[in-house]
There are 2 protein chains.
Amino acid sequence: MAALRLALAQLNVTVGDLDANRRLIEEAIHRAQAWRADLVVVPELAVTGYPPEDLLLKPQFIEANARVLERLSPASRGLVALVGFVDRDRQGRLHNAAAVLAGGRRVATYHKQWLPNYGVFDEKRYFTAGAGSLVLMVGGVRVGVTICEDLWEEAPCRALGALGAQVVVNLSSSPYHAGKLRVRERLFARRAQENRLAIAYCNLVGGQDELIFDGASLILDARGRERIRGAQFREDMVLMDLEPPQMGPGRPSRAARGAARVVPLSRALTERPRLRLARARRLLPVEEVYEALTLGVRDYVRKNGFSTVVLGLSGGVDSALTACIAADALGPAEVRAVVMPSRFSSSATQADARRVAKALGIEVLEIPIEPMFRAYLETLQPHFGTRAPDVAEQNLQARVRGTLLMALSNKFGWLVLTTGNKSETATGYTTLYGDMAGGFAVIKDVPKTLVYELARFRNRRARPGDREPAPAFGRVGPGRRAGGPGVPIPASVLARAPSAELAPNQTDQDTLPPYSLLDRLLKAYVEEDQSLRAILARLPAALPWGTTGAAQAGNRVDPAVAQRVIAMVDRSEYKRRQGPPGIKITPKAFGKDRRMPITNRFHQS
Amino acid sequence: MAALRLALAQLNVTVGDLDANRRLIEEAIHRAQAWRADLVVVPELAVTGYPPEDLLLKPQFIEANARVLERLSPASRGLVALVGFVDRDRQGRLHNAAAVLAGGRRVATYHKQWLPNYGVFDEKRYFTAGAGSLVLMVGGVRVGVTICEDLWEEAPCRALGALGAQVVVNLSSSPYHAGKLRVRERLFARRAQENRLAIAYCNLVGGQDELIFDGASLILDARGRERIRGAQFREDMVLMDLEPPQMGPGRPSRAARGAARVVPLSRALTERPRLRLARARRLLPVEEVYEALTLGVRDYVRKNGFSTVVLGLSGGVDSALTACIAADALGPAEVRAVVMPSRFSSSATQADARRVAKALGIEVLEIPIEPMFRAYLETLQPHFGTRAPDVAEQNLQARVRGTLLMALSNKFGWLVLTTGNKSETATGYTTLYGDMAGGFAVIKDVPKTLVYELARFRNRRARPGDREPAPAFGRVGPGRRAGGPGVPIPASVLARAPSAELAPNQTDQDTLPPYSLLDRLLKAYVEEDQSLRAILARLPAALPWGTTGAAQAGNRVDPAVAQRVIAMVDRSEYKRRQGPPGIKITPKAFGKDRRMPITNRFHQS
């Protein structure tokens, strides 16, 4: 029996760049034609990019999107193409839609039935839900059409199963977070098994502001077994000859169909030599996050018209990791590091900063902050009087650094990357307009314990053979593995107790509990919305990437510590609101994922 | 015939302050009892404050809200109380609800049927829509219950009319923008007339982050005539004896009712001496905006636990107006002004800045920025080399000022108010971390032309008798009216061409078109999402507050100018995203009202 040749084109489109998106889609269709595919699928809203947000409220944007679709239609000779776009219906309502292009014209349109309006999603702000399923007859195979969320709900596949669909195609723009791949795989397997149909899921790839789309398109057979997967975090075309599972019930009666449509397309399948499956390698958990961050930086920088980035390099692990990611994303020639020592910087951290830059091959500028810091202190002295130095003087130093980076940015057109992690962002252990000043916050959603894991991962990757090195500098304190010579992040950076270096002998743990404890508290409170009572009853188990950087803590937490951390999170909302966008890698990131009021007197008890 | 005594309690509750909100609601019920009211209404979600945003995702928040409602119930002796709260149904779904309290217990619950999910609203993120109307029989009068959006749609009042409702009560938390009062009045009059029922609309009052709730509760008779209104921008209790309009159709059959419920409450109306109507004065259009801004500052500052604010006073109209608003909101003793002259500041603007502070009675600190500015220039010189001074040096000055204000804030616990207007915010004619640095952006949604009108309004109010003064300093340039002696904003401030004073002889109009033109362009593009083509065909008519501050422009605009302004708006999205929250006073403010992607390549043509 002839197989259905499927092509899933996971494209990296850009929001609003309609013309470039059209060219990408056209190329994908042509490539699928060259492979003699019967059906080519591109991601959800591929024409506009995802999510287009309030561009959807501009009638001229909707019209431009419709013109792109019209220009695409003639490309659909000799195959069927499913293209995500915005459809305006006769009542003027918008739909998140899939156009079915065949024989050079649009032959049908499907409207997404389940509109997500939670987490980072606002689809009910724009779209009206569709009513009714769509089944295409492609060379005698019944292909059901769904868009993203439709596959996460039970009803659409059940309806398609009842209509006799053998394959369900899904156009997605499904944002990444660590662990989501497994969630998707399980869910899709269940959908396949429940309804005895194959599933072909085509996901977007690329970065859009805070979101990363990870690709990783997937085809499962009717028993829920994975047959092929697309690459993670890069463009790919997944090609497969699918032997359609046994046909379901015969053609359903008009009554059973309800609002559903079955559209016969005349095409017949031909016998061809079968394709060999080229399955992409599946990334390791920490590697996956690293690749997400790299793609996020590359796309934010380039899609916003920048080429070069600049960041402050302190000798700490956060800025060292950010430098690695930037160098990997853009190439070391496009990264500038600025070392900005103060009276409180140790010579060891400065030396480490230079070592990181050297290992990565990125250019270093050295700008001491003392002249500006002194000018501020002297100028403010008459107003500050005899008050003891406090956070005001600490923030001044961070703000001088932020101002220097922005001055370089303004003068040379470099985008400033900030280097704060999620543990700091959550607790407000940051300086607004200081270390928070910049265009893109690379690791803002990465908890400190994971920062260490990523740093070690990057060091391992730098070593040929990926072997465990002998520690270069004797026994290394908190870390399990350490950097050796030749790796970008020196062992001393991994071993040193974290410090903002804004006051004499300062360490983070003067203010914060150990990160191994803090990150678990934050996971419970921020990501899982747990109450203080629940947290005190049972702290989440150790974080999936292991507990490193400090001594292992138990499953209990001192109530006073928990309360203090929660209060820090609550009262830092105003700071986060003014921070730059950054890459979401956890199930709940700060940003449109978590919409907390600033004015908020609700206190946990 | 005995009348129904209605009490609408427009309260200023605080998001999350459940205990304080409970006390406010309890006091309102007691006050209504003292007035012998039959029915007392408090605003939508009065228990939690509005909008509670993602606090709604915390189960402990929902439980705490339910406990508040339980504690409130016993207060409902001798009257019926309608209280807005969050109801969790048996399936665990949340509803935006009104509890009907009577005889000391909850006797019924209504679920909002229309959930707004546009503009600043995200109600579908949290709530499930209710199904079915609720009519209460209060002393023989049929009272229909609605919540906010229910009254904006046709269906709910129609259903209530069919159920024989004579009065429709509406619990609202309806955010303010200039001109909305008239929109509401017209709409409610239509609803009353369409269905021949009286309408009693009770609105929230107060500031919550970017939103202002303006109160202005309203009772209309069944012919749509306004009978009484509550105060704007302050707490008030609206009391009225309503003679119920003629009863509609008799008790409808069970079938006609569908999911609707009619709940008889045993209470009978008693004859009492009629109340005299105490109708609040209606504010003038510019006065209304001024009061909105004042309330916004007062509530943001106090609800966030601050008492004192600090702002930079430049001698320009924006900071002068902001100082007036702050002094009116908090009292002059709680406002600090900082004058921060540079090598580019004229002595005239500095003198004006001091004059504003003196007239308002606020303390001035004087901190020249030269030492820091010089330190930055010298330090950066080796890196900047021979490049000509540009925006980098301009931004440095603004950032030194921002850093000084933040240092004072950190040292003394003062909240920094920023002074940028909407015209600047829209075009990005601002410095990130410079003049944008601060906790609250008072006039961020006020176009520059309206800034001038508000300044003149505030000056007029400062003069006894509110008369037109003879211009104090000869003929005053662009302004129609000018400040005289004794008024807070000197005529010279209103007359001077606007300038950022960051470069020699700089004026805003070196970069921007005249504000009279710019503000109309921005209204079309930002607030109305018009395309460039539509804007070129016809620019919006003059702005409602008149065109001042520059020569009147026609209805045509140079395509190159329009294109440049649109490009400025588009590419400033990243700046706005990092700006502090500020008060919404237009139909579409920057913030959650306008959710544009930063990464966005859609260009108008």
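Biologist: Of the contacts in chain A between residues at least 6 apart in sequence, what share joins residues at least 24 apart?

Modeller: This is a predicted model, in which local features need pLDDT of at least 70 and side-chain atom pairs count only at pLDDT 80 or more, while totals for chains, interfaces and linings use all residues. Residues are numbered from 1 along each chain as its sequence is written; chains are lettered from A, and ligands numbered from 1, in the order in which they are written. Two residues are in contact if their C-beta atoms, placed from the backbone, lie within 7 Å. For chain A, the share joining residues at least 24 apart is 73%.

Biologist: How many helices and strands does chain A have?

Modeller: Both are DSSP runs, numbered from the N terminus: helices are H or I with at least four residues, strands E with at least two. Chain A comes to 18 helices and 20 strands.

Biologist: What is the radius of gyration of chain A?

Modeller: The radius is taken over C-alpha atoms, and the globule rule is 2.2 Å times the number of residues to the power 0.38. For 605 residues that rule gives 25 Å, and the value for chain A is close to it, so chain A is as compact as a globular protein of that length. The radius of gyration is 27 Å.

Biologist: How far apart are the centres of domain 1 and domain 2 of chain A?

Modeller: Domain bounds come from an automatic or database domain assignment. Domain 1 covers 4-173 + 237-265, and domain 2 covers 285-508 + 572-577. Taken over C-alpha atoms, the centres are separated by 43 Å.

Biologist: What rotation superposes chain B on chain A?

Modeller: Copies are superposed by least squares on the C-alpha atoms of residues with pLDDT of at least 70 in both. The shift along the axis is 0.0 Å and the RMSD is 0.0 Å. This is the relation of a two-fold axis, with a rotation of 180°.

Biologist: In chain B, which residue has the C-alpha nearest that axis?

Modeller: The C-alpha in question lies 2.1 Å from the axis. The residue is B:Q578.

Biologist: Which helix of chain B gives the most to the side that touches chain A?

Modeller: 65 residues of chain B are in contact with 67 residues of chain A. The copies meet through the same surface, because 100% of the interface residues of chain B are also interface residues in chain A. Helices of chain B that each supply at least two residues to this side include α2 (59-72) and α10 (370-384). The one that gives the most, with 12 residues, is α11(B).
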